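Hi,

Here is the structure I promised to pass on.

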Amino acid sequence: MYTLRINRPTPEHATYKEPYKVDFPLQMAECEANYLRLQKLVTGLTQDEYRFMVTRGQQEWLQILRVIERSPYTTTFQFRQSPVAPITRWLQMPCLTLRMYHDAKVAEVLAWEGHRRLRPRYEYPNRSMYQSDEKLQINQFLGECLSLCLNKGRSVDSVVPTE
């Protein structure tokens, strides 16, 4: 027996979402901008730790860039943010591991809080519930944090105490 299929019009509330496509030029531009921001913050790479104080509202935040590894072509950092006076225990900023590639002049996030080896694109939904563009989002977050340090931050290391 044959079944008759009737073409029903698609309801207006139903939408079709195109699969996410990686915008490689946008991701590379973000990584290049992060490299330039980092270069401004850590001029010369002479220290093992760089500290910046940023005031947001009534709260001061300490931003710490710590060098983990140095090689001729790369430098790996740990970037941590913490409030000077703890607000609550549940509000913790993520600790990022990032790498500067000096030959390519790009900087990208390698890991954050135990999440490693980020792929440029994820199918959604997935086991870890990453967004489709998770890598781009975390690199944009790094860019916003570095821009905040550049625009509103003051170096804690260069402050000479007065007696």
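First, some ground rules. This is a predicted model, where local features need pLDDT of at least 70 and side-chain atom pairs count only at pLDDT 80 or more, while totals for chains, interfaces and linings use all residues. Residues are numbered from 1 along each chain as its sequence is written, and side-chain values use heavy atoms, with hydrogens and water left out.

**The sheet**

Start with the strands (DSSP runs of E, at least two residues, numbered from the N terminus; helices are runs of H or I, at least four residues). Seven of them make an open sheet in the order 6-5-4-3-2-1-7, and the pairing is antiparallel. The edges are strand 6 (115-116) and strand 7 (154-155), each of which pairs on one side only. By "pair" I mean that DSSP finds at least two bridges between the two strands.

Now walk through some of the pairs:

- Strand 1 (residues 49-56) and strand 7 are antiparallel and share two bridges. Phe 52 has Ser 155 of strand 7 as its bridge partner.
- Strand 1 and strand 2 are joined by eight bridges, again in the antiparallel sense. Here Val 54 sits opposite Trp 61 of strand 2. Their hairpin has two residues between the strands, and Gly 57 takes a positive phi near 70° in it.
- Strand 4 and strand 5 run antiparallel, with six bridges. Look for Thr 97 opposite Ala 111 of strand 5.
- Strand 5 and strand 6 are antiparallel too, with two bridges. Ala 111 turns up again here, with Arg 116 of strand 6 as its bridge partner. This hairpin has two residues between the strands, and Glu 113 in the turn has a positive phi of about 45°.

Helix 1 (residues 24-41) lies across strand 1, strand 2 (59-70), strand 4 (96-101) and strand 5 (106-112), at about 95° to strand 5. Helix 2 lies across strand 1, strand 2, strand 3 (74-83), strand 4, strand 5 and strand 7, and runs at about 110° to strand 5. For these angles, axes are lines fitted to C-alpha atoms (for helices, over the stretch in contact), and the angles run from 0 to 180 degrees between N-to-C directions.

How do the helices sit relative to each other, roughly parallel or roughly antiparallel? Their axes come within 9 Å and cross at roughly 30°. Helix 1 and helix 2 are therefore roughly parallel to each other; angles under 35 degrees count as roughly parallel, over 145 as roughly antiparallel, 65 to 115 as roughly perpendicular and the rest as oblique.

The contact (heavy atoms within 4.5 Å) involves residues of both helices, including Leu 26, Cys 31 and Leu 38 of helix 1 and Leu 136, Gly 143 and Leu 150 of helix 2. By class, that contact has nine nonpolar, six polar and four charged residues. Here Ala, Val, Leu, Ile, Met, Phe, Trp, Tyr, Cys and Pro count as nonpolar, Asp, Glu, Lys and Arg as charged, and the others, Gly among them, as polar.

Glu 134 is in helix 2 (residues 134-152). Is this residue buried or exposed? Glu 134 is buried, with a relative accessible area of 13%. Leaving out residues up to four places away in sequence, Glu 134 touches Trp 112 and Tyr 122.

The other two are about backbone angles. Most residues other than glycine have a negative phi. Leu 45 is not a glycine, yet has a positive phi of about 50°. You'll find Leu 45 in the loop between helix 1 and strand 1, and at 18% relative accessibility it counts as buried.

Lys 105 is not a glycine either, and its positive phi is about 60°. Lys 105 lies in the loop between strand 4 and strand 5 and, at 49% relative accessibility, counts as partly exposed.

Happy exploring!

Key
Buried means under 20% relative accessible area, exposed over 50%, partly exposed in between (1.4 Å probe, protein chains only).
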